Amino acid sequence: MSFTAKDTQLYRRDEKSGHKVLGVEQREDLVKNYLPSPPSRQRSNSRVTKQASSHLGVRKFLRVQFYALLYLFVHAIFSLYIRIRIAYHAVSNRLVSILKHHYNSPEYIARDVATLKRLPTHLSVILTLENGGKGDALEKLVNEVSEVAAWCAAAGIPTLSVYEKTGVLKRYMTQTHRSVCQRLKAWFGKHQAPPLALFARGAPAIRSHSREGLDLILVSEDDGREAMVDLTRVLAEMVQKDKITANDITMDVIDNELSEAVMREPDLLISFEPYVDLQGYPPWAIRLTEIYSAPDNQGVGYQLFLRALRKYAQATFKLGK
């Protein structure tokens with residue numbers, strides 16, 4: 001409510017005279033008529049009661065309980081899904097392992113891959129040394145290498161590279177070569193077993209025969225970064241000695257040198273872990289490699305090997321120009 005003209009003139013005249021026209025009580029009476037009425041006591045009591053009830057945190061408590069219940073519900077649904085998925089994959093893998101068991105016979109494996117349109121010429125697998133190498137971990141690792149090598153020989157894959165992060169197989173190349181040869185002889189026969197050539201960077205090759213057969217390459221984490229560092233050092237020294245120029249160092253040259261020092265790029269890489277875990281695999285060697293891994297997989301199994309070959313045969317490769 002605005003001041004009336006009479007009260008406005010009276011207030012201004014008092015202000016110009018230095019508040020000598022109106023006294024204190026008169027000025028209060030003048031302004032009091034235009035002030036809003038004070039809130040009633042009952043309304044203030046209800047506001048106090050409302051504030052007091054809000055301090056109890058009932059809404060906050062209910063909201064927290066609702067979120068906790070929603071979290072438990074989502075967690076239970078997701079846990080149920082994971083358990084069903086693990087059970088499904090375990091049962092399906094078991095059935096495939098029974099129906100597609102090779103019985104240590106190359107003929108069975110050759111029959112399984114006979115219908116595939118394409119097979120990799122270079123297959124690479126990632127194996128893990130369990131329990132930090134304690135107990136029979138090394139023997140189990142060598143057995144897995146021998147088993148995969150027998151599968152590749154039976155399927156007609158000429159080159160197999162085995163990546164093991166620690167490089168423990170390189171320290172037992174003779175034992176590894178002997179174990180793989182014994183496995184091949186047990187599968188193919190003493191005189192029909194394909195010859196085996198074992199390679200590793202920085203070590204002399206071990207061959208069982210001069211004719212061509214299965215090439216087995218041992219790769220470790222050191223073959224990634226250290227191989228590139230060694231190549232960089234060699235190329236830098238050659239440039240300093242004017243044997244080559246900096247313009248002569250191209251991507252093709254680096255790729256060829258790394259391929260000769262370690263291995264050429266594999267066509268198919270199989271990880272037997274339940275998820276894709278490269279474990280420090282040399283990155284330059286898998287630029288165009290088809291990588292396969294099965295969820296919830298446990299251990300090295302022939303069914304995963306066969307499934308990876310089928311996926312590779314069905315894959316479409318589109319290389320840019």
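Predicted model: local features only at pLDDT ≥ 70, side-chain atom pairs only at ≥ 80, totals over all residues.
**Stop 1: Glu260**

Is Glu260 buried or exposed? Its relative accessibility is 66%, so Glu260 counts as exposed, the cut-off being over 50%. The residue sits in helix H9. Arg201 and Glu260 are 59 residues apart in sequence, yet their C-alpha atoms lie 9.4 Å apart.

**Stop 2: H8 against H9**

Stay with H9, residues 251-261, and show helix H8, residues 222-240. The two axes come within 11 Å and cross at roughly 125°. The crossing of H8 and H9 is right-handed.

Next, colour the contact. From H8, pick Ala227, Met228, Leu231 and Leu235; they meet Ile254, Glu257 and Leu258 of H9. Sorted by class, this contact of H8 with H9 holds six nonpolar residues, no polar ones and one charged.

**Stop 3: H5 against H6**

Move to helix H5, residues 106-113, and helix H6, residues 137-155. How do their axes cross? They come within 8 Å, at roughly 60°. H5 is therefore oblique to H6. The crossing of H5 and H6 is again something to view down the contact: it is right-handed.

Select Pro106, Ile109, Ala110 and Val113 on the H5 side. On the H6 side, select Trp151, Ala154 and Ala155. The class count for H5 with H6 is seven nonpolar, no polar and no charged residues.

**Stop 4: Glu147**

Remain on H6 and select Glu147, which lies in that helix. Its relative accessibility is 18%, so Glu147 counts as buried, the limit being under 20%. Which residues does Glu147 touch, leaving aside neighbours within four places in sequence? Show His102, Asn104, Arg183 and Trp187.

**Stop 5: the sheet**

Switch to cartoon and find the open sheet of seven strands. Read across it in the order E4-E3-E5-E2-E1-E6-E7. The pairing is mixed. Strand E4 (203-207) and strand E7 (290-293) are the edges, each pairing on one side only. From one strand to the next, the twist averages 20°.

Zoom in on strand E1, residues 122-127. E1 runs parallel to strand E2, residues 159-164, and six bridges join them. E1 also runs parallel to E6, with four bridges between them. In E6, Ser124 stands opposite Leu269.

**Stop 6**

Select strand E6, residues 268-271. Which way do its side chains point? Leu268 and Ile270 go one way, Leu269 and Ser271 the other, and all are buried. E6 pairs with E7 in the parallel sense over four bridges.

Now bring in helix H10, residues 302-314. H10 lies across E1, E6 and E7, and it runs at about 145° to E6.

**Stop 7: the loop between E6 and E7**

Pick Glu273, placed in the loop between E6 and E7. Glu273 is partly exposed, with a relative accessible area of 23%. Leave out residues up to four places away in sequence and show its contacts: Thr128, Gln279, Ser293, Ala294 and Asn297. Phe78 and Glu273 are 195 residues apart along the chain, and their C-alpha atoms are separated by 21 Å.

Step to Gln279, one of those contacts of Glu273. Gln279 lies in the loop between E6 and E7 as well. Its relative accessible area is 15%, and Gln279 is buried. Check the backbone too: phi of Gln279 is near 55°, a positive value in a residue other than glycine.

**Stop 8: Asp296**

Finish in the loop between E7 and H10, where Asp296 is found. Is Asp296 buried or exposed? Asp296 is buried, with a relative accessible area of 17%. Its phi is positive, about 65°, although Asp296 is not a glycine.

Conventions: Residues numbered from 1 in each chain as written. Heavy atoms only, no water. Axes fitted to C-alpha atoms, helices over the stretch in contact; angles between N-to-C directions. Helix = DSSP H or I, 4+ residues; strand = E, 2+ residues; numbered from the N terminus. Parallel < 35°, antiparallel > 145°, perpendicular 65-115°, else oblique. Left-handed = near helix turned anticlockwise from the far one by under 90°. Contact = heavy atoms within 4.5 Å. Nonpolar A, V, L, I, M, F, W, Y, C, P; charged D, E, K, R; others polar. Pairing = 2+ DSSP bridges. Buried < 20%, exposed > 50% of the residue type's maximum accessible area, 1.4 Å probe, protein only.
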